[in-house]
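User: Hello! I am new to reading protein structures. Could you walk me through the features of this one, step by step?

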Amino acid sequence: MGPGGSSPYARRQHALRVTRSPHHNASGAHNVVDVNRIREGTDVRTTIMLRNIPNKVDQVMLKGIIDESSWGKYDFMYLRIDFANDCNVGYAFINFVDPLDIIDFVKARGNQRWNCFKSDKIAEISYATIQGKDCLVQKFRNSSVMLEAEHYRPKLYFTENGPCPELAGEEEPFPTPDNPSKMKRSCENAEHVGLFTPNAGQHFRDEQRRRRSQFDRGTRFAAFEEYDYDGALPRNLFVSQ
């Protein structure tokens, strides 16, 4: 018997009942979006996670849905796609310019049915772990997902209060990778866990294979050839014997 006279089995059953309760929030209290705290200015987070998205909703459709209440008020959106079937996996990340902009979106979409594709799913909104446009850009710019087709990638958008209000709602160019090592690791990790198609990061693997093949020849010329390839020496370098 455990504390208070309850057995381990009884405690497990109680835990299951709590977990399955319709009022239980899987994201935890810390990630709950409380519009009152937003109004008071005590919660200034801007990035949310939108869950229970019907799997057939694509990027264009989701943007249209968000724009109904929040056009020009968000600068980042990423709808996660399963490359095996080209459908979304049920969640997306959205970053709003101002915390107050989240309120209208929560009122419009929070706990609402999607009314598309005959889906009974109800939208759920919580705060994301990674917060802010800058942090999101740094996370994804060196990710192998940026090597995939356009509709798989996270998107940036111009906003109505940004430097180019006349372009509000239109896509903003995503910064290019700035860390080849991170990109390489991302490609390798994605391949190992099966998240991405084999083409992702193929040029990184080809480069590594080329480099290994040169050194594996085990000659002095191999080392010079590698050095020459990187542009450090002229291509007509001759090594006397």
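Analyst: Gladly; we will go through the core, a helix, the charged pairs and the rings in turn. Please keep in mind that this is a predicted model.

User: Let us begin with the core. How many residues does the largest nonpolar core have, and which have the most contacts inside it?

Analyst: A nonpolar core is a set of buried nonpolar residues joined through their side-chain atoms. Here the largest one has 40 residues, and Leu 50, Leu 62 and Ile 94 have the most contacts inside it. At least two core residues each come from β1 (47-51), α3 (59-70), β2 (74-82), β3 (87-96), α4 (101-109), β4 (124-127), α5 (133-140) and β5 (155-157). The largest share, six residues, is supplied by β2.

User: What is Leu 62 in contact with, leaving aside its neighbours within four places in sequence?

Analyst: Its partners are Leu 50, Ile 53, Val 57, Met 77, Leu 79, Ala 92 and Trp 114.

User: And Gln 59: is that residue buried or exposed?

Analyst: Buried means under 20% relative accessible area. Gln 59 has 11% relative accessibility, so Gln 59 counts as buried. Its place is in helix α3. Not counting residues up to four places away in sequence, Gln 59 touches Met 77, Leu 79, Glu 150, His 151, Arg 153 and Lys 155.

User: How should I read a helix such as α4? Which of its residues are buried?

Analyst: Look for the buried residues, then for what covers them. In α4 the buried ones are Asp 101, Ile 102, Ile 103, Phe 105, Val 106 and Arg 109. Their cover includes α2 (35-40), β1, α3, β3 and β4. Just after this helix, Asn 111 takes a positive phi of about 60°.

User: Now the charges, please. How many salt bridges does the structure hold?

Analyst: The general idea is that side chains of opposite charge can pair when their charged atoms come close. This structure holds ten salt bridges. In one of them, the side chains of Asp 67 and Lys 63 meet at 2.8 Å, N to O. These two residues are four apart in helix α3, so about one helical turn separates them. Both Asp 67 and Lys 63 are buried.

User: Where do Asp 178 and Arg 141 lie?

Analyst: Their side chains form a salt bridge at 3.4 Å, N to O. Asp 178 lies in the loop between β6 (171-172) and α6 (180-193), and Arg 141 in the loop between α5 and β5, so the pair ties together parts that are 37 residues apart in sequence. Asp 178 is partly exposed, with a relative accessible area of 44%, while Arg 141 is buried at 14%.

User: Which residues are linked in a network of salt bridges?

Analyst: Glu 150, Arg 153, Lys 155 and Glu 171 are. Within this group, the side chains of Lys 155 and Glu 150 meet at 2.8 Å, N to O. Lys 155 is buried, with a relative accessible area of 4%, whereas Glu 150 is partly exposed at 45%.

User: Last, the rings. How many aromatic pairs are there?

Analyst: There are seven aromatic pairs. For Tyr 91 and Phe 93, the ring centres are 5.7 Å apart and the planes are at 75°, so this pair is edge-to-face. Ring pairs also link Tyr 74, Phe 96, Phe 105 and Tyr 157 into a cluster.

User: Which rings have a charged end sitting over them?

Analyst: Among them is the ring of Tyr 127, with the charged end of Arg 45 at 3.9 Å from its centre. Another is the ring of Phe 140, where the charged end of Lys 139 sits 5.5 Å from the centre.

Note on methods:
Residues are numbered from 1 along each chain as its sequence is written. This is a predicted model: local features need pLDDT of at least 70, side-chain atom pairs count only at pLDDT 80 or more; totals for chains, interfaces and linings use all residues. Side-chain values use heavy atoms; hydrogens and water are left out. A nonpolar core is a set of buried Ala, Val, Leu, Ile, Met, Phe, Trp, Tyr and Cys residues joined through side-chain atoms within 4.5 Å. Buried means under 20% relative accessible area, exposed over 50%, partly exposed in between (1.4 Å probe, protein chains only). Contact means heavy atoms within 4.5 Å. A salt bridge is a side-chain nitrogen of Lys or Arg within 4 Å of a carboxyl oxygen of Asp or Glu. Rings of Phe, Tyr and Trp (its six-membered ring) pair if their centres lie within 6.5 Å; planes under 30 degrees apart count as stacked, over 60 as edge-to-face and the rest as tilted. A charge sits over a ring if NZ of Lys or CZ of Arg is within 6 Å of the ring centre and within 35 degrees of the ring normal.
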